[in-house]
Structures are given as structure tokens and as C-alpha cells.
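Here is a short briefing to read alongside the sequence and the 3D view. Please keep both open as you go through the points.

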Amino acid sequence: MAVRGREARGGGPRGRRRAAGLLFAVLLTASACTAPADPDTFLTTGALDATLERRAAAVLAHDPAGYLDGLAPDAAKLRAAQRTELDRLADVPLKSWTYDVKDITEQDGQWATADVELRYRIAGYDTAPVATRRVLELMRDGERWYITEDRPAKGSSGQLWQQGDVEVVEGEHSIVLGVGRSKNELRQVADTVDLAVPAVSDAWPRPWNRRVVVLVPDSVEDMAGLLGSPEASYRGIAAVTTGEVGGTGKRPAIADRVIVNPQAYATLGSFGQRIVLTHETTHVATRTSTSTATPVWLSEGFADWTAYRGEDRAADTIAPELAEAVRTGMTPAELPADPDFGFDGDPAKLAGAYEGGWLACELIAERWGKEKLIAFYEAVGAHDGRDGAVEQAMDAVLDTTPEQFTADWRDYLATRLG
């Protein structure tokens, strides 16, 4: 059985077959004959579901033969790569691994392309699955369909086990998965997250899983691959949290992952590393109360408020960019806007945006109290959309207006940083 890659489906051998087929069709039409494709030869969603169910069961059982059974026998390169991926998953404690066929986009009875969503959970940590889209190329041989290619869908991120052998370290509240990192390095990350979880639970006394999954790739380039974004966006960023904001109830939540940039993270001392991972853990804890209605200054400011809460550090040390702006008469006129938090912009502007969000949440906690800050965060996130969310929450929870709050915030900056 010959296996043809995707490249043969354009201008290569298969493209020539299409041209020949067109000529043949013209001749048939001229003689009043037709040769419609037999629908029984088409790949059905049910048939593909059955193949992928066997494949998923083989992943959980770590059964190489079962995992490779659905691959084209002649696809040596694909089979070797897939066997390697399965081996790299050996130490990852998977609770579930499923495929959901979204669409079979094209086929001609011998070849087919399918859009599939892979969903998996790590045992003991994920209350919701991680989801990623894949594209499968398949070919028919006799009565069976075989996978000839398995690749990420356009715009989808990669997975850690596709980057190398996965080392796994578990803490009291954390599991850290790394590629190309020493076990000692991963243990230090787990220990830091284990310190962060109780601190976050104290700042956010709402129900949450209190379990955190951290990924530590080998490089910032690999970090960008896990995020599906350009490498330049993350060069100076020590860590980010992935996941889907909650609050709408329109679809299941997606599990969070804290992804560490090993180069930037390594430049921080123990204090900075603790702040970073406490900040990111806060995003995990507050995810279900964060929605598209939540402005970035509030979500990032609350995470920084949690991280710096209880730390004996002067405000101008924590917020040097904003302190300089206040001292030079350049106090911001407005709270930071969402675009100010872009990773690919001016680093000083980005730092000032985070600092402004932190001090806005500091102001609320100091003047109205911690419970009011939490209630305000929840009220904003529960709103149907961005329009009116902050206004209504400020009125209902803080008995103020955005205009008055902004004026109070500017006065607060002068007091704390002037």
C-alpha cells in the first residue's frame, strides 16, 4: 500500500490525477454516461470516531501497538514520530484523553481530511480538560481508513511532549512538567507554587481547585510554541497563564496552565520568582470569576495585589515606572487600557500598566476592604459584557463612579508614589 503525503494533493501526482479525471469526465459526459462516486466509500464520522476511541484507549493504557494501529502501515516517519510522542507521555498522569470529530472537510472516497479536537486531563489536577485542535489526513485501503498525517490545526498551539522527553515533579499543590530542565529546577518551581497556593487562597477565599499545573519548556522559543504566538512577545516575560475566561456558562471551561519562560524566570531571585508564580496562581484561582467583561487592569491588578499582599516593600520599589511618572508630573489621566498590557509594546509602558492596576486594587482594598475588592471583581466578571460592567459594579459594590474612582486613584498615586 503506497502512502501519499499531503503535498501530493496539489500539483503533484494527485494533481495530475485530477486533470486526467477531468478529461475522463468530459468524455463520459459526451457519451451520456456518468460515474458518480459511491457514497459507501466515503469516510463517516462514526467510523472515524471508532478509530479515534481505540487510539485514545491506547494512550491511557500506554499501548504502543494499539496507538499505532490506526496509522498507515507504510507511513514509517509518522509511525516513528507518534511512537516517540507516546513514549514521552509515559510519566504524565493522564486521567482522560478523548477525540471529538468536528468536521470531515474534504474527501473523494480514497482520501479524506478531518478536523478533530483533542481533549485531555491530568489526574488529580484538571477539573476541566485542555483542548487543542488537530488536522488528520486519512487514506482508504480496502475497508479501512488509515491516518497518514496528524498535525496541529492552523492557529493551534503545540503540546509539551512534542518538544522532548517530559520530566514530571509533583508538589503538595502542584505538578510541574518540564522538557530539557533538571529535576532540581522543576522541584524548586513546585516548591514555590506550593507556597503560592495558600497565599492565593487567603486573598481569594472562594472555592477553587487549589491545584496548579506548571509547564517549563526548554526555551522561550518553545514557550511561544506552546502558546501559539511569536517568540518576541515573551522574551522578557517570566511566566504566563493560559486558559479560558469563565463567567458566561456558554461552554465548558478549559484547564489553566502556567507556562514558565526558563530564561527570564532564571534571572529572578527567590522573591521575584515567588511574586511571579503567586501572580499566575491567582489567575488560576480567579478564572471562573473572570470574563470578557473584566478589564485587564482589574485581572492583572488583582493578581499583583495578591502577590505583593503582606510583602514589606515600599510602593515606589514595586512601581518604579509609575513613581517616576508621578514625580515628573506625568501622572496618568486614566486607568490602564487593555492594549497597554500588550507584551509586544514598550516594556516601560507595560510595567506602568501593571503598576497602575496593582495600585487601583490596593486603593479598593485599603479604602473599602478586601471583601469589597473581591465582591467588585466578581460583580464585574458576572456582567453580560464589557459595556457597563465596571460602572454598574462600582455603583453597586463601591458606591462610586468610574470618574470619581479615577480621580481618587490619581490622588492615591500621588500619596503613595509622590
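At roughly what angle do the axes of α5 and helix α9 (residues 296-308) cross? They cross at roughly 115°, and the axes come within 9 Å. This is a predicted model, in which local features need pLDDT of at least 70 and side-chain atom pairs count only at pLDDT 80 or more, while totals for chains, interfaces and linings use all residues. Residues are numbered from 1 along each chain as its sequence is written, and side-chain values use heavy atoms, leaving out hydrogens and water.

**Overall make-up**

- The chain has 15 helices and 9 strands, taken as DSSP runs numbered from the N terminus (helices: H or I, at least four residues; strands: E, at least two).
- Of its 418 residues, 49% count as buried, meaning under 20% relative accessible area with a 1.4 Å probe and protein chains only (exposed is over 50%, partly exposed in between).
- Among contacts (heavy atoms within 4.5 Å) with a separation of 6 or more, residues 24 or more positions apart account for 65%.

**The nonpolar core**

- The largest nonpolar core has 118 residues, and those with the most contacts inside it are Trp97, Leu177, Val214, Trp297, Leu359, Phe376 and Leu417. Such a core is a set of buried Ala, Val, Leu, Ile, Met, Phe, Trp, Tyr and Cys residues joined through side-chain atoms within 4.5 Å.
- Helix α12 (residues 347-367) gives this core its largest share, 10 residues.
- Beyond its neighbours within four places in sequence, Leu359 touches Ala319, Leu322, Trp409, Tyr412, Leu413, Arg416 and Leu417.

**Helix α5 and its partners**

- Helix α5 (residues 183-203) packs with helix α8 (residues 270-286) at about 55°, their axes 8 Å apart. Axes are lines fitted to C-alpha atoms over the stretch in contact, and angles run from 0 to 180 degrees between N-to-C directions.
- On the α5 side, the residues making the α8 contact include Val189, Val193 and Val197; on the α8 side they include Arg274, Leu277 and Thr281.
- The α9 contact is made by Ala199, Val200 and Ala203 of α5 together with Phe302, Trp305 and Thr306 of α9.

**Alanine 75**

- Alanine 75 sits in the loop between α3 (64-68) and α4 (76-88).
- Why does alanine 75 count as buried? Because its relative accessibility is 9%.
- The C-alpha atoms of alanine 75 and isoleucine 147 are separated by 8.8 Å, although the two residues are 72 apart along the chain.
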